Structures are given as structure tokens and as C-alpha cells.
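Subject: A structure to look at

Hello,

I am passing a structure on to you, and I hope you enjoy browsing it. Please have a look first, and then read my notes below.

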Amino acid sequence: MSATAPPMGSNFTPHAGAAKPPPTPSIWAIAGRLSRTQYWAFAALGLILPFAVWALLSASGWIDPVFMPGPGSVFARLGTWLMEDDLIADTGISVYRVLAGFALSAAFALPIGLLIGAFRPVEALLEPLTDFIRYMPAVAFIPLVMLWFGIEESAKIAIIFIGTFFQMVLMVAENVRLVPTAQIEAAQTMGATRDEIVRLVLLQSAKPAILDTLRITMGWAWTYLVVAELVASNSGLGYAILKAQRFLKTDTIFGGIILIGVIGLLMDQAFRWLHRRAFPYMHFKR
Amino acid sequence: MQSIAPQVPSPKAEIRRLGKVFSGAAAGTPAALQDIDLSIEDNEFITLVGASGCGKSTLLRILAGLEHHTSGEVICNGRPVSGPGAERAMVFQHYSLYPWLTVMENIKFSRTLQVNRENLTSSDVEAASGRAEALLNLIGLAKVAKSYPSQLSGGMQQRVAIARALMGRPQVLLMDEPFGALDAQTREVMHDLILHIHRIEKTTIVFVTHDVDEAIYLGQRVVLMEPRPGRIHSIYPVPLPARRQQDMKHGAPFRELKAEILKHIRESSGMATDLDLLERISQQGQSL
């Protein structure tokens, strides 16, 4: 504050040998701090270590490559899958299914969740029901879905929808309920109508949390995609994994799983990027 | 917007034999509010103070229309209060600013609502911008117009909340412990600021606090409430010059009123510390 004021006790002279900087707190302190470089170093270590262990294990020859091929052969397989087989098509159809099922789910879950979060009667009407259905395992619906939709694209999308929709509704409703009461009441005392409060306060205030909900449910959409492709499909990454198992092509199984992981990670990062772009006010450093 | 001027100067807001029982309260629970009579004059600065549970915040929220009373009546500007409205803007303790809007957009929020509803001319919009600028200068935050609330200190955030509430020129400004979360130094600055705003804007202010110093320093009248059931104990006119200065807190009139009010609060809260008893207990402890 007072930059011009002399420091307290300006006649204070440091000890001759006291040039030692104060000790930096340990990074292992509870809720301690990491510099950016340290963070990325640990993150890289966490990613590289399993690969290194995997490479060592397979190079040691202890494990039959039929059960666990090395990273080299898996990446080679991914390469030939890309060049000679139809990796792009398999990935494309899987991504399409995830996005379609996810978008359909979001299209219904967002307005319904908003209404449940905003209005008590809607909450009483729909939330217990949604909670009930949520506990029914989506996988158990597969026979029913196949009966209704066959093994068309709509079947896969329906399974992803069943797996994500009910969770998404409840999470969005909770996001809306967590809007601070003072924000709502301030709008009321400024003369906002009910409709304005929903549009200009509840929705705007809950948006960042809703985007996080979408990011999390996107992960579940991938899980249900693979489930759907394992049982009711003849294309896609899940199907490729299943087919590889029949022919004991373990490298393809590994490659497919890793690829799904990478795509999931990329989508997650895309959501995080979108969050920083759309809600800059949540990312200021104080 | 000027309504027909009444012949007799009537109070800005009037509360008559008001009572409130919370629905679902256990049988035998004292009323949250009972037999409240209070009349608030135009351009008055009135403070409500009392032990926790005395219903001061509930009374304010009823005035705002955010809670419903169960008996009696509340009249503001000649009309019975039946729900929240723009003529009774409220400033909350915290978390009421919109973090996704800049300081300027927050202040203009009530204007945004009107723009949605009415066909405003460009001169209306210009006038609103001028008003927002003036308020921003009044609270001394012109430099941070484009900042977001999360970038401001707690005191600055409350200034913005005050400006936002004033934007629609409310008949009554209701303040619910608005400085309760601020540190002592910031509070004092805010006290002088709100008094300045009261002079400039000529707003009627109803201010709830648990801080007796704050209640006396700000109020022209201090309403002392007591709990179980929530009711008005007495209403004290503050014997201080209209233009308050911090050093008045050390003068006799201030200290005497403060002592009087504090005594009642201690008694009514049932929390008065019996120092003799404490002394005896600690002596016994030593002898054990």
C-alpha cells in the first residue's frame, strides 16, 4: 500500500551471513502447492510410468504376447489399422454415435433439469421417477432396445441415451438448485418476472456447472457406446475390439482401448477449453 | 410515474399490527414477529437492531415481499405489499452479484429487465447509461467498470450491490446486514459512503444489523427488537447531528445510547455473562 513509507525499523541491518532465502514449503505438505513445471513433470511421469512398466513387462518375456503384446506391437497394429484397415471409419462411426446419443440426451435433459431445479412441483413430479429409473442398469435395457430398434444406428443411440439422460437430468437440476438464493432474490427485488429469473439468473448462473455436468456425462456416453457396440453392432471401435477377441488379436484390443481413452481425453480437454473460453470470469487468479 | 400526490404527507412505509408465524413451526414456538407497528418516513434512515432471533431480518424480508406475514398489514408508498417489487430493492450480505456480468452490467441489470419488456427510445437508454455512470462514480468504482465481481474485494462488491439496487430509483432501499462480512476498517468507509449516498440520492433506507455501533452511527432512529416472540422493544431517536462523523462515536450521547441498547440486548438474549459466577467457578477449580 504505502510504497513511499520507510520500512518499519529502517535502521534494521540483516545479519552478515543471513543471506539464506527462507525455506520453500515442501510440495508434499497437505494441500501444498506445485509450480506449473512441477505439475507437468508429475503428470508426464504418471502417464509415462505405466507405459514403461508395460514395455518392461513385455520385453522381459514373462508374459505371452498373445495375452499382453508390447507397446511397440500395439502401436504398429494401430498403424496398420489406420493404413490398411478402416480405423478412420471405425472411429468416425463411434464418435458419431457418442455425439448423437449425447446430444439427444442433452437436448432433453437440459430443459427438464432446469425446470426441476426451478419449480418444486416439477421436482416432485419428475425427480423421484428419474431417480428410480436411474437405478435401473442401462445395460439391462439392451435386450429391450434390440427388440424395439433392432441393431440399427438408433439402437446404439438409444442405449447411450438411456445410460446418460437420467443422470444428466438429476445433475442439471442440482446445478440449478445450487444457484445462490441471494442472486434470485436480488433479481426479484429489482422487479424481475419469473420467466426473467429463469432465463437471466438461474440459467446464466448455472451454465458453468452445467457445462461441467456435460463434460462428466460425456465420459459415461463413451462407456455405453462400447457396451452397445459390443452386443449390438457390426461396426465401430467397440465392435472392432470384440472381433479382435474372437481372433485372439490382443494388440487390436489394446489399441482400441487406448484409442478410446485418447479420444475421451481429447473431448474432456475440449470441454475444459470451452469452459475457460465461455466463462472467463471463473478462471481469474486472485 | 408520479402517482397522485396525497393531501396529507403519509409515511413512505407503514407496518400495522404485523405478525408472522413460520409455517411448520412446532406448537408452542413463539411467533417470529408479533404486533409490529412501525412507520417509516420519507427519506428516513432507520436501523433495526436486536439479539439474534428477534426477527429483524424477517421483518425486512417481509417489507421486501420475499416473505409473507401471517397477520396485520404492510403498506409501502400507499400500496399493500404482496410480493417483491422494484420499488423495494434489497442489498444482501453477500453472493448476490452476478459473477458472469461485469460491474457495469451488474449495475444496469434492472435496466436490462425493463429493456426486455418496454419499447424504450434511444434517449431512455442513454439516460440509463448516464445514471449507471453517475452511480459508478458515486461508489468510486469508475475504474473497474469492466471488471468482474470475482476480481473485486468484498467491500467493492458490496458497493456494486448498492449501486445496482439504486439503479431503478427504489422508493425504499432495504439492507440486510450488508457490511456484516467486511472487516472493521472497510465497514467504517462503507458507513460514510452509505450516509453520503443517502444524502445525495434522498433514498429511504431500512437497514438491519446486529452491530449496535453501526445501528446508531447510521440511523436517524434505531429500532430495538427482542426475541421470543420477535417484537419491537423501543424506538430510539439518535441524538446526533444529521451529518455524522466518525469521532462522534467517542462522544457521550453516542456512548450512552449504545450502553442502553447493549444492556437490553444482553438481557433479552439470555446470554448475559454472570462474571461473579465465572469467578467463583474458577476459584473452585483452583482449590480442587
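Predicted model: local features only at pLDDT ≥ 70, side-chain atom pairs only at ≥ 80, totals over all residues.

**Chain B as a whole**

On that basis, chain B has nine helices and ten strands. Its radius of gyration is 21 Å, close to the 19 Å that the globule rule gives for 288 residues, so chain B is as compact as a globular protein of that length. The C-alpha trace of chain B spans about 80 × 40 × 40 Å along its principal axes.

Of the 288 residues in chain B, 47% count as buried. If you look at contacts in chain B between residues at least 6 apart in sequence, 72% of them join residues at least 24 apart. The accessible surface of chain B is about 14,600 Å², and carbon and sulfur atoms account for 52% of that. As for charge, chain B carries 31 positive and 31 negative side chains, and the centres of these two sets are 4 Å apart.

**Where the two chains meet**

How many residues of chain A are in contact with chain B? There are 20 of them, and they touch 28 residues of chain B. The size of an interface is often given as the accessible area lost when the parts come together. Between chain A and chain B the buried area is about 2,100 Å², with 63% given by carbon and sulfur atoms. On the chain A side, A:Thr189, A:Met190 and A:Tyr281 supply 33% of the area that chain A buries against chain B, more than any other three residues.

**Some backbone details**

Most residues other than glycine have a negative phi, and most peptide bonds are trans. Here are some spots that depart from this pattern.

- A cis peptide bond, with omega about -10°, joins B:Arg228 and B:Pro229. B:Pro229 sits in the loop between strand 9 (221-226) and strand 10 (231-237) of chain B.
- A:Ala31 has a positive phi, near 55°, and is not a glycine. You will find A:Ala31 in the segment before helix 1 (36-60) of chain A, and its relative accessible area of 76% makes it exposed.
- B:Lys202 also has a positive phi, about 55°, without being a glycine. B:Lys202 lies in the loop between helix 6 (184-201) and strand 8 (204-208) of chain B. Is B:Lys202 buried or exposed? With a relative accessible area of 56%, B:Lys202 is exposed, since the cut-off for exposed is over 50%.

Best wishes

How values were computed:
Residues numbered from 1 in each chain as written. Chains lettered and ligands numbered in written order. Heavy atoms only, no water. Helix = DSSP H or I, 4+ residues; strand = E, 2+ residues; numbered from the N terminus. Rg over C-alpha atoms; globule rule 2.2 N^0.38 Å. Buried < 20%, exposed > 50% of the residue type's maximum accessible area, 1.4 Å probe, protein only. Contact = heavy atoms within 4.5 Å. Areas by Shrake-Rupley, 256 points an atom, 1.4 Å probe, with all protein chains shown as cover. Lys, Arg positive; Asp, Glu negative; His and termini not counted. Charge placed at Lys NZ, Arg CZ, Asp CG, Glu CD. Buried area = accessible area lost by both parts, 1.4 Å probe.
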